[in-house]
Amino acid sequence: MNGIKRILGIVWILLGLATAYFGIYELGIPKFASGNQEDLVFGIIIMIILTPIITGGLLIFGKYALSGEYDN
């Protein structure tokens, strides 16, 4: 079971990196470039608030799972 937890730690880290890419390049930057007021507010919320929280949480959880903090 501990081996599965370590493997899932790698999965969480990869998911964290994927959400960082998706949050910045797919959601954030295109909203800034559109020029609409509503898109600008959404882009700011995604880039400044949501992306760091989601990415940081996944990366920290993956780091702990990989280092064995969740072992029995």
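In what follows, buried means a relative accessible area under 20%, exposed means over 50%, and partly exposed lies in between, computed with a 1.4 Å probe on protein chains only. The model is predicted, so local features need pLDDT of at least 70 and side-chain atom pairs count only at pLDDT 80 or more, while totals for chains, interfaces and linings use all residues. Residues are numbered from 1 along each chain as its sequence is written, and side-chain values use heavy atoms, with hydrogens and water left out.

Helices are DSSP runs (H or I, at least four residues), numbered from the N terminus. The buried residues of H2, among them Asp39, Ile46 and Leu58, pack against helix H1 (2–34).

Salt bridges (a side-chain nitrogen of Lys or Arg within 4 Å of a carboxyl oxygen of Asp or Glu) number two.

| Salt bridge | N to O distance |
|---|---|
| aspartate 71 and arginine 6 | 2.7 Å |
| lysine 31 and aspartate 39 | 3.8 Å |

In the pair of aspartate 71 and arginine 6, the partners are 65 residues apart, with aspartate 71 in the segment after H2 and arginine 6 in helix H1. Aspartate 71 counts as partly exposed because its relative accessibility is 25%, and arginine 6, at 32%, is also partly exposed.

Technical notes. Helix = DSSP H or I, 4+ residues; strand = E, 2+ residues; numbered from the N terminus. Contact = heavy atoms within 4.5 Å.
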